[in-house]
Amino acid sequence: MGDGKRFAVLLCAEDSDYVKKRYGGYYGVFVEMLAEEGEAWEVFKVANGEFPDDDEIANFDGFVITGSCNDAHGNDVWICKLIALLKKLDSLNKKVLGICFGHQILSRALGGKTGRAISGWDIGVTAIHLSSSTSTLFSSLNIPTTLSVIECHQDEVRELPPEAEVIAWSDKTGVEMFRYGDHMMGIQGHPEYTKDILLHLIDRLMQLSFIEDSYADELKANLGKVEPDKNAWKKLCTSFLKGRL
């Protein structure tokens, strides 16, 4: 099915010990969701300054940008370099899927604006609503128009790039998904996450004093109430990345 295609994960986060041990790092989490037989997948640890060479880029059929603890509106050296890479990928019409921080930094690279979410942290399983325009875009997938996805973010896309289109929203976040042309798409949530990853992330946020203990307890208590639509997200993400929409 993969037809010898090559894909790259642009890793924007440090792997936690838990994710390393359980999944082989966040790269392993993405490969588990997206990879198909016959494909080659590689990882570039861009947060550590590891980027594909210019002559390598053409050899890849698609790229995935991961989440991060960093702010997409920051100006760290690696973030500025990533923005330059994403602009180049746009000029080459390469398929790019941005997740959480990846969604935000992709928007910024294309001319949008990001910042702290007006409604604060969104952590848990969130219902997002696909816009009416997606009924044609995703019609071949036979997926519901409301999908549950794991979220963990305090930043958001505040202003879309010119010519980009909102394709999903939620009660807390106006831009849950956007598309730019036929080759770039951002998703604010984490379709690749499992609930155990989120539980460990909640503990880390609490230990680092990013969230209060009482809020963490509330999040954990609510986590069992709704399941993320992992199969639908897998179908949506792989179909976009592999050009099957």
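## Basis of the description

Two strands pair if DSSP finds at least two bridges between them; helices (H or I, at least four residues) and strands (E, at least two) are DSSP runs, numbered from the N terminus. This is a predicted model, in which local features need pLDDT of at least 70 and side-chain atom pairs count only at pLDDT 80 or more, while totals for chains, interfaces and linings use all residues. Residues are numbered from 1 along each chain as its sequence is written, and side-chain values use heavy atoms, with hydrogens and water left out.

## The sheet

Nine strands make up an open sheet of mixed pairing, in the order β2-β1-β3-β4-β11-β10-β9-β6-β7. Its edge strands, each pairing on one side only, are β2 (40-44) and β7 (146-153). From one strand to the next the twist averages 25°. Helix α7 (residues 195-207) packs on the sheet, where it touches β6 (122-130) and β7. The direction of α7 makes about 30° with that of β7; axes are lines fitted to C-alpha atoms, for helices over the stretch in contact, and angles run from 0 to 180 degrees between N-to-C directions.

Strands of a sheet pair through backbone hydrogen bonds, either parallel or antiparallel. β1 and β2 are parallel and share five bridges, with Val9 opposite Val43 in β2. β3 and β4 also run parallel, joined by four bridges, and Gly62 has Lys95 in β4 as its bridge partner.

Five of the five residues of β4 are buried, meaning under 20% relative accessible area, where exposed is over 50% and partly exposed lies in between (1.4 Å probe, protein chains only). Lys95, Leu97 and Ile99 lie on one side of β4, and Val96 and Gly98 on the other, so that both faces are covered.

In β10 (177-180), Met177 and Arg179 point one way and Phe178 and Tyr180 the other, and all are buried. Four bridges join β10 to strand β9 (residues 164-169) in the antiparallel sense, and Val166 stands opposite Phe178. β10 is likewise antiparallel to β11, again with four bridges; here Arg179 faces Met185 in β11. These two strands, β10 and β11, form a hairpin with three residues between them, and Gly181 in the turn has a positive phi of about 65°.

## Helix α4

Helix α4 covers residues 77-91, and its 15 residues should span 21 Å at 1.5 Å a residue; the expected span is 1.5 Å times one less than the number of residues. The end C-alpha atoms of α4 are 22 Å apart, which agrees. Its buried residues are Trp78, Ile79, Leu82, Ile83, Leu85, Leu86 and Leu89. Seen down the axis of α4, these fall within an arc of 165°, so they line one face of the helix; the arc is that of the directions from the helix axis to the C-beta atoms. The face turned away from the buried side carries the exposed residues Val77 and Ser91.

The cover over the buried residues of α4 includes β1 (6-10), α3 (54-57), β3 (62-65), β4 (95-99), α5 (101-109) and β11 (184-187). After α4 comes Asn93, with a positive phi near 60°.

## Nonpolar cores

A nonpolar core is a set of buried Ala, Val, Leu, Ile, Met, Phe, Trp, Tyr and Cys residues joined through side-chain atoms within 4.5 Å. The largest core has 30 residues, of which Ile65, Leu82, Leu86 and Ile105 touch the most other members. The elements giving two or more residues to this core are β1, β3, α4, α5 and β10, and α4 gives the most, with seven. Apart from this core lies another, of 29 residues, among them Val9, Ile167, Ala232 and Leu236.

Leu86 touches Ile65, Val96, Ile105, Leu106, Ala109 and Met184, not counting residues up to four places away in sequence; contact means heavy atoms within 4.5 Å.

## Individual residues

Lys113 is in strand β5 (residues 113-116). Leaving aside neighbours within four places in sequence, Lys113 is in contact with Ser107, Glu156, Val157, Arg158 and Glu159. The C-alpha atoms of Lys113 and Phe101, twelve residues apart along the chain, are 13 Å from each other.

Cys100, in the loop between β4 and α5, has a positive phi of about 55° although it is not a glycine. At 5% relative accessibility, Cys100 counts as buried. Ser209 is another non-glycine residue with positive phi, near 65°, and sits in the loop between α7 and α8 (213-222). Ser209 is exposed, with a relative accessible area of 63%.
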